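Colleague: I am new to this structure and would be grateful for a guided introduction. May I put my questions to you one at a time?

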Amino acid sequence: MRKLYILTLILLFPVIAMSQSNPIALIKNAGSVTSDIICDFVQQRHTIAINKVDTLEGTLYFSATDRMLMHYTNPLSDLLVINGDQFYMVSGKRKNLFNLAQNATMRSLAHLLLNSMHGDVEAIATETGAKIEYTSDAQYHIFTLTKTKREVKGYRRVVLKYAKTDLLLHYMLLEEHSGNYNTYTLTNHTLQTPSPDKYLIPKK
C-alpha cells in the first residue's frame, strides 16, 4: 500500500507543478490519475424546520470507471450503489432502483457524486448551471458551487473540500432549496481496488 501511495505521488508531481496557479485544474488532474478509493464517511442530515440532525456512517467505495458504493453501517440496512445506468438506493424499508438513462434528476445526482470523487468541479458546474467560487485554508482547497438560476430541482449550493495533502475529496455539503442540507466527511482514504462484486445491484 505504501508503494502504491508513493507511486501515485510521483505521478502527481508534474501535475501539481503545472497546476498550482489553477486549483480547478490541479484537483481535476489529480483525480485523473487516481483510480480507486476506499474511505470511511460520516453523513449528517440536517432538517431545518424541526431543528433535527441525523448522523449516519459507513464505508465508501469508488471506482474511476464511474462506479460507487456507499455501504452504511449505521443504520446497517441503508445502501447506495451507482453502476452504469443503474442507481440503487435503500433507506430503511424503502428500496428504489432508477434507470439513469430515463431519469434526469437521478442522473444529475449520480454525476454530482461521481464527479465530486473524480475532482471534476467544472463538470458539476456545467451540468447544474452553477457558478464556482474558490477559497482555501491551511488544509483544504474549497469550492463553492451556487446555482445561478432560481429553480427547485437539484441542490442550491454544493461545497467541496479537497485536502492539500492528498488532493482527495474530504468534505461535501449538499444544500437543498428548502434549506435542508447533508454533509459528508470522508476519512481514512486508501488507494486500492475493491472487488467488482462490490458494485453489483442486489437482486430483488
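**Loops, strands, cores and helices**

Colleague: Does D66 count as buried, partly exposed or exposed?

Modeller: The relative accessibility of D66 is 36%. Buried means under 20% relative accessible area and exposed means over 50%, with partly exposed in between (1.4 Å probe, protein chains only). D66 therefore counts as partly exposed.

Colleague: What kind of model is this?

Modeller: Residues are numbered from 1 along each chain as its sequence is written, and side-chain values use heavy atoms, with hydrogens and water left out. Local features need pLDDT of at least 70, side-chain atom pairs count only at pLDDT 80 or more, and totals for chains, interfaces and linings use all residues, for this is a predicted model.

Colleague: How many helices and strands does the protein chain have?

Modeller: Both are DSSP runs numbered from the N terminus: helices are H or I runs of at least four residues, and strands are E runs of at least two. Counted in this way, the protein chain has 4 helices and 11 strands.

Colleague: What percentage of the residues in the protein chain is buried?

Modeller: The protein chain has 204 residues. The buried ones make up 42%.

Colleague: What is the phi of D66?

Modeller: D66 is located in the loop between β2 and β3. This residue is not a glycine, yet its phi is positive, at about 65°.

Colleague: Is N51 buried or exposed?

Modeller: N51 sits in the loop between β1 (36-47) and β2 (52-63). Its phi is near 50°, a positive value in a residue other than glycine. With a relative accessible area of 72%, N51 is exposed.

Colleague: Which residue does a cis peptide bond join to N74?

Modeller: The omega of this bond is about 0°.

Colleague: How far apart in space are L76 and L56, C-alpha to C-alpha?

Modeller: L76 also belongs to the loop between β3 and β4, and at 64% relative accessibility it counts as exposed. L76 and L56 are 20 residues apart in sequence, while their C-alpha atoms are separated in space by 9.4 Å.

Colleague: Which residues are in contact with C39, leaving aside its neighbours within four places in sequence?

Modeller: C39 is part of strand β1 and is buried, its relative accessible area being 1%. Contact means heavy atoms within 4.5 Å. Under that rule, the contacts of C39 are G58, T59, L60, L186, T187, N188 and H189.

Colleague: Which residues of the largest nonpolar core touch the most other members?

Modeller: A nonpolar core is a set of buried Ala, Val, Leu, Ile, Met, Phe, Trp, Tyr and Cys residues joined through side-chain atoms within 4.5 Å. The largest one holds 41 residues, and those touching the most other members are L60, I82, F87, L145 and L160.

Colleague: Which element gives the most to this core?

Modeller: The core in question is the largest nonpolar one, with 41 residues. The greatest contribution to this core is 7 residues, and it comes from α3.

Colleague: Are α3 and α4 roughly parallel or roughly antiparallel to each other?

Modeller: Two packed helices are described by the angle between their axes and the distance between the axes. Helix α3 (residues 104-118) and helix α4 (residues 121-128) pack at about 160° with axes 8 Å apart; axes are lines fitted to C-alpha atoms, for helices over the stretch in contact, and angles run from 0 to 180 degrees between N-to-C directions. Angles under 35 degrees count as roughly parallel, over 145 as roughly antiparallel, 65 to 115 as roughly perpendicular and the rest as oblique. The two helices are therefore roughly antiparallel.

Colleague: Which residues of α4 does α3 meet?

Modeller: On the side of α3, the residues involved are R107, S108, H111, L112, N115 and S116. Those they meet in α4 are A123, I124, E127 and T128.

Colleague: Is S116 buried or exposed?

Modeller: S116 lies in helix α3. Beyond residues up to four places away in sequence, S116 touches I124, L160, Y162, L169 and M172. Its relative accessible area is 0%, so S116 is buried.

Colleague: What is the relative accessible area of K147?

Modeller: K147 is placed in strand β8 (residues 140-147). Among the residues it touches, not counting those up to four places away in sequence, are T128, K153 and H177. K147 is buried, with a relative accessible area of 15%.
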